[in-house]
Amino acid sequence: MIWKQRLARSLHLSRSKPESRYMQLATYCEVNGVQNRTVVFRGFNHSGTQLYFVSEKDCDKVRSLYCHPQAEIAWYFAKTREQFRLAVDCSIIGEDALAEEANCRQRVWDRLSASARNSFRPNHDEIPANFIVSICTIKQVDYLHLGQIHERYLYQPSTSWKEQQIPV
Ligand SMILES: Cc1cc2nc3c(=O)[nH]c(=O)nc-3n(C[C@H](O)[C@H](O)[C@H](O)COP(=O)(O)O)c2cc1C
């Protein structure tokens, strides 16, 4: 099964658990070193090759991603005992975004709950200047299933996302 189907299935089976949308995002830059933190998954693009998270502009993750767009997301689904490790390239989309990226920022903003929006101190006419959407392009997926048998697969776009089993 391709990783997108596995991830869609995991999200579906865990949909009653808000914590199933919490991902761990690891970044690196010279000033901050390696840092890891929790962010909320905010959806995929149409083809499922990119995913989104949101943040304030003035924070370490944004500063690090400006310097080093490469990051890793670790996402664990307790109910199905599955881990997805996603190697990603992150683009930072802020108030200066144009065209398609500006539309993407608007769509993600429109889908936020009122309480999530309020954390950005909005006025009611426009998206707050400090609202950032990170578009994470997925470059590789390392999937681990801790079932009765432990299974691990690697997926890379260079192989048309064909799965490659890794011994565990
Ligand atoms: C459950 C949970 C969800 C969080 N979701 C987000 C999020 O979606 N975006 C975000 O910027 N920070 C989120 N945070 C806060 C970050 O983990 C982090 O503490 C904060 O953004 C500062 O990170 P930085 O200084 O490394 O940028 C969340 C924290 C928790 C505990």
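Mentor: We'll go from the overall fold to the helices, the core, the ligand shell and a few single residues.

Mentor: Two ground rules. This is a predicted model, where local features need pLDDT of at least 70, side-chain atom pairs count only at pLDDT 80 or more, and totals for chains, interfaces and linings use all residues. Residues are numbered from 1 along each chain as its sequence is written.

Trainee: How many helices and strands does the protein chain have?

Mentor: Helices (H or I, at least four residues) and strands (E, at least two) are DSSP runs, numbered from the N terminus. Here the protein chain has 4 helices and 8 strands. Along the sequence they follow the pattern α-β-β-β-α-β-β-α-α-β-β-β.

Trainee: What radius of gyration does the protein chain have, and what would a compact globule have?

Mentor: The radius is taken over C-alpha atoms, and the globule rule is 2.2 Å times the number of residues to the power 0.38. For 168 residues a compact globule would come out near 15 Å, and the protein chain has 17 Å, which agrees. Along the principal axes, the C-alpha atoms fill a box of roughly 55 × 40 × 30 Å.

Trainee: Which residues of helix 1 are buried, and which are exposed?

Mentor: Start with the general idea. An α-helix has 3.6 residues a turn, so residues three or four places apart point the same way. For burial, count other C-beta atoms within 10 Å of a residue's own, with C-beta atoms placed from the backbone: 20 or more is buried, 12 or fewer is exposed, and in between is partly exposed. In helix 1 (residues 3-13), Trp3, Arg6, Leu7 and Ser10 are buried. They cover an arc of only 95° around the axis, which puts them on the same side of helix 1. That arc is the one made by the directions from the helix axis to the C-beta atoms. Gln5 and His12, on the other side of helix 1, are exposed.

Trainee: What covers the buried residues of helix 1?

Mentor: For that we use contacts, meaning two residues whose C-beta atoms, placed from the backbone, lie within 7 Å. The cover includes strand 4 (70-77), strand 5 (82-93), strand 6 (131-146) and strand 7 (150-155).

Trainee: And which residues of helix 2 are buried?

Mentor: In helix 2, Lys61, Ser64 and Leu65 are buried. They too cover an arc of only 95° around the axis, which puts them on the same side of helix 2. Tyr66 and Cys67 are exposed on the other side of helix 2. Among the elements covering the buried residues of helix 2 are strand 1, strand 2 and strand 3.

Trainee: Which residues of the largest nonpolar core touch the most other members?

Mentor: In soluble globular proteins, nonpolar side chains tend to be buried together. A nonpolar core is a set of buried Ala, Val, Leu, Ile, Met, Phe, Trp, Tyr and Cys residues joined through C-beta atoms within 7 Å. The largest one here has 27 residues, and Ile73, Val88, Val133, Cys136 and Val141 touch the most other members. Helix 1, strand 3 (50-56), strand 4, strand 5 and strand 6 each supply at least two residues of this core. Strand 6 gives the largest share, 8 residues. Leaving aside neighbours within four places in sequence, Val141 is in contact with Trp3, Phe84, Leu86 and Tyr155.

Trainee: Which elements supply the shell around the ligand?

Mentor: A residue joins the shell if its C-beta atom, placed from the backbone, lies within 6 Å of the molecule. Strand 2 (33-40), strand 3 and helix 2 (60-67) each supply at least two residues, and strand 2 gives the largest share, 5 residues. The residues around the ligand include Tyr22, Arg37, Phe53 and Asp60.

Trainee: What is the phi of Arg81, and where is Arg81 found?

Mentor: Phi of Arg81 is near 55°, a positive value in a residue other than glycine. Arg81 is found in the loop between strand 4 and strand 5. It is partly exposed, with 13 other C-beta atoms within 10 Å. Ser160 also has a positive phi near 55°, and lies in the loop between strand 7 and strand 8 (163-165). Ser160 is exposed, with 8 other C-beta atoms within 10 Å.
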